[in-house]
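Work through the exercises below with the model open beside you. Try each task before you read its solution.

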Amino acid sequence: MTKLRLYSAKACPFAHRTRLVLQEKAIDFELTEVDLQNKPRAFVDASLYGKVPAIEHEGHRIWESAIINEYLEEVFPEPRLLPREPGRRALARIWIDHANTRLVPAFTQLLRAETAA
């Protein structure tokens, strides 16, 4: 299998979400930090929306963190990140939505803060 390349930016909470999935699944990947004010050509080719995260893997270019994370769960099924039982999987997705709508805005402010305080 070809090594996976992740295009990411430190100030993007959605890119951090994909980094967590990669780490939890112990997937070997090459990290490319992207300066979103000066996007390299390879990144623009990989992410048609011009947003991070984006990945390149096995000839596929995939962007949008939720879609990337679903792809990673399917291609690298172990360890499973979602329960097998549909009801429990739905509940996990509810918590994911809760995190997206309630926690991500605060995390974004923290990542983009100009000072440690």
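Two strands count as paired if DSSP finds at least two bridges between them. Keep in mind that this is a predicted model.

**Exercise 1. Find how strand S1 is joined to strand S3, and in which direction the two run.**

Step 1. Locate S1 at residues 4-8 and S3 at residues 54-57.
Step 2. Look up the bridges: 3 of them join S1 to S3. The cut-off is at least two bridges, so the strands pair.
Step 3. Compare directions: S1 and S3 run antiparallel.
Step 4. Pick a residue to check: leucine 6 has isoleucine 55 in S3 as its bridge partner.

**Exercise 2. Give the strand order of the sheet and name its edge strands.**

Step 1. Write down the order: the 4 strands lie as S2-S1-S3-S4 in an open sheet. The pairing is mixed.
Step 2. Go to the edges: S2 (29-33) and S4 (60-63) each pair on one side only.

**Exercise 3. State which strands helices H1 and H3 lie across.**

Step 1. Take H1, residues 13-24: this helix lies across S1 and S2. Its angle to S1 is about 150 degrees.
Step 2. Take H3, residues 65-75: this helix lies across S1, S3 and S4. Its angle to S4 is about 130 degrees.

**Exercise 4. Decide whether tryptophan 95 is buried or exposed.**

Step 1. Read its relative accessibility, 56%. Exposed means over 50%, so tryptophan 95 is exposed.
Step 2. Look around it: Leu91, Ile94 and Trp95 make a nonpolar surface patch of about 360 Å².

Conventions
Residues numbered from 1 in each chain as written. Predicted model: local features only at pLDDT ≥ 70, side-chain atom pairs only at ≥ 80, totals over all residues. Heavy atoms only, no water. Patch = residues over 30% accessible without salt bridge, like charges linked within 9 Å, V, L, I, M, F, W, Y side chains within 5 Å. Areas by Shrake-Rupley, 256 points an atom, 1.4 Å probe, with all protein chains shown as cover. Salt bridge = Lys/Arg side-chain N within 4 Å of Asp/Glu carboxyl O. Buried < 20%, exposed > 50% of the residue type's maximum accessible area, 1.4 Å probe, protein only. Contact = heavy atoms within 4.5 Å. Axes fitted to C-alpha atoms, helices over the stretch in contact; angles between N-to-C directions.
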